[in-house]
Every structure is written in C-alpha cells, then in structure tokens.
Amino acid sequence: VIRGRVLPGARINGRDVIVEGSVESACIRSYGDTLIQGVVSGRREGLIHCDGRFQARSASDVTILSGADLTLRETAMNCLLVSDGYIRLAGPRGQAVGGSLQAFLGVQVTCLGNDFGTLTQVQAGRRFLSSRIHKDLQSDVLKHQEVLERVRPLKEKYKNADLTTLSPDTQDRLMMVLTREKESQVALDRLEVQLLRHGGSEAVE
C-alpha cells in the first residue's frame with residue numbers, strides 16, 4: 001500500500017498494488033489487482049500492467065493493461081486501455097476521449113468522444129491482452145535465440161582449446177559469453193512456459 005502519490009520515474013512490482021494518491025508517469029506491474037484512488041497520468045510514458053482488476057478515478061495519456069475488469073470512475077483521455085474483462089466508464093462523469101479501448105467482454109461508457117470529433121477507437125470480443133502478451137513473448141524469444149546464434153561460433157572456435165593458454169582478456173571474454181549464453185537459455189526455457197500459457201489466445205481471435 002502506498003499512502004501518497006507515485007511520482008514520475010517510479011517503478012513498482014508486486015502482487016496487489018494499492019495507491020491512496022495519484023500516479024504520474026510511472027511503471028506498475030502487479031500480479032493481482034491494482035487499485036488507485038486518484039488519477040493516473042502518463043505523459044505518454046506511463047505503463048500499468050496488472051493480472052487482476054484495475055480501478056482508478058481517471059486516466060490520461062497512459063497505457064493500462066488489465067487481466068480482469070478495468071474501471072474508471074470518470075474520464076479516460078488519450079489512453080490505450082486493454083482488458084481481458086470489461087472496460088467500464090459508466091459513472092455519471094464516465095467519458096472516453098481519444099485513444100483506444102480494447103476489451104474481451106465489452107466496453108461500457110457513459111459518453112464516447114467529444115464535440116470536436118476526436119478519434120476514439122473501441123474494439124471488443126477478442127482477447128487483445130493475451131494476443132499482445134503472446135506477440136511480446138515471441139519477440140523476446142527471437143532476441144534470446146539471436147544471442148545463442150552469436151555465441152555458437154565462438155564456442156566452436158575454443159571448443160578444444162586449452163583455456164590456461166589463453167590471454168586473460170580472452171578468458172574474460174569467453175566467460176562473459178558463456179554466462180550470457182546460460183542466461184539466455186534460462187530465459188528461453190521460462191518464455192516457452194509462458195508461451196504455452198498464452199498460446200491459446202491466437203485461436204480465440
């Protein structure tokens with residue numbers, strides 16, 4: 001629980017995240033619910049990703065990804081809101097202006113757009129969040145596979161070498177490369193498990 005505001009540049013990682021103030025241009029990753037009593041402003045830099053519910057008073061210029069229902073009591077201005085549940089701005093002052101709202105179960109909003117014709121996009125009926133995560137995971141897999149491909153020629157070069165005859169700089173470089181290879185292999189194993197969890201999202205679309 002955070003008793004006051006979350007200021008620009010802050011990074012929060014945890015299970016359930018509760019903020020009793022506002023959030024400004026911060027990154028929050030929660031594996032449960034995220035509940036914010038004040039407003040969320042991103043200045044096009046803020047990102048909030050939660051596996052559970054998300055609730056806040058209002059949001060502007062921020063990306064919010066929610067694994068369950070995403071609820072704002074008032075307005076969403078120029079936001080990317082993505083939910084695998086409902087997106088709700090259904091209060092008396094609930095309004096979405098600009099940006100994009102993407103929800104699997106549906107979008108409920110009191111007022112959509114404004115008198116100036118600001119483009120405000122709404123999509124429903126697909127697991128947008130799972131698809132987005134799936135694509136991000138695939139991108140990470142490719143990055144780690146590229147690391148392993150770059151490491152392979154160096155390993156082949158020194159496969160039968162007597163390491164004690166190598167210069168200290170070469171030994172350090174080789175150890176650094178082998179450490180990076182191990183880290184990438186561990187990351188790939190983890191990513192494969194995550195891809196299996198989210199792999200069904202493509203079939204839903």
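Reader: Which residues does Arg 29 touch, not counting residues up to four places away in sequence?

Author: Arg 29 touches Ile 12, Asn 13, Gly 14, His 49, Cys 50 and Asp 51. Contact here means heavy atoms within 4.5 Å. This is a predicted model, in which local features need pLDDT of at least 70, side-chain atom pairs count only at pLDDT 80 or more, and totals for chains, interfaces and linings use all residues. Residues are numbered from 1 along each chain as its sequence is written, and side-chain values use heavy atoms, with hydrogens and water left out.

Reader: What makes Arg 29 partly exposed?

Author: The relative accessible area of Arg 29 is 22%. Buried means under 20%, exposed means over 50%, and partly exposed is in between (1.4 Å probe, protein chains only). Arg 29 therefore counts as partly exposed.

Reader: Which side chains of E1 are buried?

Author: Ile 12 and Gly 14, which point to one face of E1 (residues 11–14).

Reader: What makes Arg 44 exposed?

Author: Its relative accessible area is 68%, so Arg 44 counts as exposed. Arg 44 also has a positive phi, about 65°, although it is not a glycine. Its place is in strand E6.

Reader: What is the order of the strands in the open sheet?

Author: The order is E2-E5-E7-E9-E11-E13, and the pairing is parallel. E2 (17–19) and E13 (106–109) stand at the edges, because each has a single partner strand. One side of each is left without a neighbour in the sheet. The twist averages 5° from one strand to the next. Such angles run from 0 to 180 degrees between N-to-C directions, on axes fitted to C-alpha atoms (for helices, over the stretch in contact).

Reader: How do you know that E11 and E13 pair?

Author: E11 (residues 86–89) and E13 share four bridges, in the parallel sense. The bridge partner of Leu 89 in E13 is Val 109.

Reader: What makes a set of residues a nonpolar core, and which members of the largest one touch the most others?

Author: A nonpolar core is a set of buried Ala, Val, Leu, Ile, Met, Phe, Trp, Tyr and Cys residues joined through side-chain atoms within 4.5 Å. The largest has 26 residues, and Val 23, Ile 36, Val 40, Phe 54, Ile 64, Leu 72 and Leu 81 touch the most other members. Among the strands that each supply at least two residues of this core are E2, E6 (39–50), E8 (58–66) and E10 (75–83). A second, separate core has seven residues, including Leu 154, Leu 166, Leu 174 and Val 177.

Reader: Which residues is Leu 72 in contact with, leaving aside neighbours within four places in sequence?

Author: Among them are Phe 54, Ala 56, Leu 81 and Leu 89. Arg 57 and Arg 88 are also in contact with Leu 72.

Reader: How does the radius of gyration of the chain stand against that of a compact globule?

Author: The chain has 22 Å, but a compact globule of 205 residues would have a value near 17 Å. The radius is taken over C-alpha atoms, and the globule rule is 2.2 Å times the number of residues to the power 0.38. The C-alpha atoms fill a box of roughly 75 × 40 × 30 Å along the principal axes. Buried residues make up 40% of the 205.

Methods:
Pairing = 2+ DSSP bridges.
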